[in-house]
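Subject: Structure for you to look at

Hello,

Here is the structure that I said I would pass on. My notes on it follow below.

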Amino acid sequence: MKNFVAFLVRLITGAQGHWFDCQPRAGQRVYIANHSSHLDFLVLWAVLPNTVREATRPVAAKDYWEGNALRRWLASKVFRAVLVDRNPGTMVGADTVLRPLADALRQGSSLILFPEGTRGTGTEVAAFKSGLYYLCRMTPGVEVVPTYLANLNRILPKGEFVMVPLLSRVSFGPPLRLEDGERKPLFLERARKAVRSLEDAR
Amino acid sequence: MNSPLLRLLAIIFGLLALFTIIGFILRLTVKGEGGRIVVANMNARIAAWWIMAGIMSGALLGGFAVTIVLFAIISLLALREFITLTPTHRGDHRALFWIFFVVTPIQYLLIWRDWYGMFAILIPVYAFLFLPLRIAAAGDTTRFLERTAKIQWGLMVCVYCVSYAPALLILHIRGYNGREPALLLFLLVVAQLSDVFQYVWGKVLGKHKVAPHVSPNKTVEGLVGGGLTAAAMGTSLYWATPFSPWQAALLSLLIVLMGFAGGLVMSAIKRDRGVKDYGSVIIGHGGVMDRIDSLCFAAPIFFHTVRWFWAQ
């Protein structure tokens, strides 16, 4: 079922995964990618090799994916999404919000995360939110795989509901890690640049 | 084996078998790093040819409707590659939706309905006027004319021009009723043989480049040798067509020359966009557009020549 969904997604979006100095493997990993379309997580998930995809869980917004029965079923059964609360209230710390993510990593899963936090127009990669930094601090040594999703903003842009079947492309770059004592803004910017630099990778 | 279509198909698969055997022998005998790579690439191309020939013959044997559906799919795949290479804006989204999901299906539906009058003008008249209107309505005027022109060009070349190939099936030629699929196959075979033999002659004898800046692999030797080989083979297939041998020779030459022109123009677009191939779906060949670039130019001219001189 999952492999079939992934096949359909690859057929419709023409997506192919390209790995640059990075090997596909299952295990503790966070794929971080630019975000411009509702299709983003689907396409990244679909181009992973079957065994890797099996162990990879997208991080998604709880309010949206618990919105109705179909979404709930897709999120829990098909994609096994890790749901996060986008509006936890002021009294809740990052550790609490990110705990389900850290737990999933500790159980050996990989995560798909969009550190921009929201969809952009696809022309630029926006500044990353702090969550990625805190998550790396909670799970020391975790590999962060920069990923660039090309053309999805043209296939299904933000605010559109009809698709145009162009060819998309997914580029995975060399993994990076949070260094000892590396400061938050420096790490977030380094990760953002790693994603951005894959735009022209061939 | 009385039908010209079946005889043509038998010849095609016979040739493919012959090429496959030659490729196998070359793999065993050619030494050296460079030679091995050329032979491996050639064998990958031959393997892909089996698949392409299999799909095309399946469609032609499947009948009128299946053939039209196959060409509609080819158009959509080519258009997808073309538009992906074209830097369209957010404001073009709905216009693109129209050309993929409305204009292209209607164009092929018109062939199926045998409505030549509308088939010939749907894209050059109606879509031509509708597209800029739809893009203007979206409100983004940056590079308006450039964006509109590129999308219209993609629609013309990938859909309008390609659709002329299956449109051969609705030509009414005196004394040739029911054998039109053989005419379509004649066009495809000559255009593709021309590509193949230009490549082979170019690899073996090629020295003088025709257009070094546009397509470095095209040589005078390849063009002349490959073109004449393909034209000779086309002439020898006259029995499958409504033409006499010398008519078949002239029309084969026409297909060869238009095919060369198509290859050159589509290469110029690739160079401009800084890519080597339009895609990578056909192993060894690149994208769909890379395989049908010659057909885009040959099909409409071949169609209108045959229609002018032979059709009722």
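**A threonine in chain A**

A:Thr56 is found in strand β3 (residues 56-61) of chain A; helices (H or I, at least four residues) and strands (E, at least two) are DSSP runs, numbered from the N terminus. This is a predicted model, in which local features need pLDDT of at least 70 and side-chain atom pairs count only at pLDDT 80 or more, while totals for chains, interfaces and linings use all residues. Residues are numbered from 1 along each chain as its sequence is written, chains are lettered from A and ligands numbered from 1 in the order in which they are written, and side-chain values use heavy atoms, with hydrogens and water left out.

A:Thr56 has a relative accessible area of 1% and is buried (buried means under 20% relative accessible area, exposed over 50%, partly exposed in between; 1.4 Å probe, protein chains only). A polar atom of the side chain of A:Thr56 lies 2.7 Å from the backbone oxygen of A:Val52. Apart from neighbours within four places in sequence, A:Thr56 is in contact (heavy atoms within 4.5 Å) with A:Tyr31, A:Trp45, A:Leu48, A:Phe79, A:Ser110 and A:Ile112.

**Where the chains meet**

At the interface, 20 residues of chain A are in contact with 14 residues of chain B. The two chains, A and B, bury about 1,400 Å² between them, 54% of it on carbon and sulfur atoms; buried area is the accessible area (1.4 Å probe) that two parts lose on being put together, summed over both. A:Arg154, A:Pro165 and A:Leu167 supply 38% of the area that chain A buries against chain B, more than any other three residues.

Between chain A and chain B the count is two salt bridges (a side-chain nitrogen of Lys or Arg within 4 Å of a carboxyl oxygen of Asp or Glu). In one of them, the side chains of B:Arg94 and A:Glu160 meet at 3.0 Å, N to O.

On the side of chain A that touches chain B, α1 (2-13) and α8 (152-155) of chain A each supply at least two residues. The largest share of that side, three residues, comes from α1(A).

**Salt bridges within the chains**

Over all chains, the structure holds 20 salt bridges. Side chains of opposite charge can pair when their charged atoms come close.

A:Arg196 forms a salt bridge with A:Glu124, with the closest N and O atoms 2.8 Å apart. A:Arg196 lies in helix α9 (residues 184-197) of chain A and A:Glu124 in the loop between β5 (110-113) and α7 (131-138) of chain A, so the pair ties together parts that are 72 residues apart in sequence. A:Arg196 is partly exposed at 28% relative accessible area, and A:Glu124 is partly exposed at 44%.

A:Glu143 and A:Arg177 also meet in a salt bridge through their side chains (3.6 Å, N to O). Here A:Glu143 lies in strand β6 (residues 143-150) of chain A and A:Arg177 in the loop between β7 (169-172) and α9 of chain A, so the pair ties together parts 34 residues apart in sequence. A:Glu143 is buried at 11% relative accessibility, whereas A:Arg177 is partly exposed at 40%.

In chain B, the closest N and O atoms of the salt bridge between B:Lys270 and B:Asp290 are 2.7 Å apart. This pair links distant parts of the chain, with B:Lys270 in helix α9 and B:Asp290 in helix α10 of chain B, 20 residues apart. B:Lys270 is buried at 7% relative accessibility, and B:Asp290 is buried at 7%.

**Two helices of chain B**

Helix α9 (residues 245-273) of chain B has 29 residues and reaches 42 Å from its first C-alpha to its last, close to the 42 Å expected at 1.5 Å a residue; the expected span is 1.5 Å times one less than the number of residues. Its buried residues include B:Leu251, B:Phe260 and B:Lys270. Just after α9(B), B:Gly274 takes a positive phi of about 75°.

Helix α1 (residues 4-29) of chain B has 26 residues and reaches 37 Å, close to the 38 Å expected. The buried residues of α1(B) pack against α2 (33-62) and α7 of chain B.

Regards

Definitions and conventions. A polar contact is a pair of N or O atoms within 3.5 Å; within protein, one must be able to donate a hydrogen and the other to accept it, and residues adjacent in sequence count only if both atoms are side-chain atoms.
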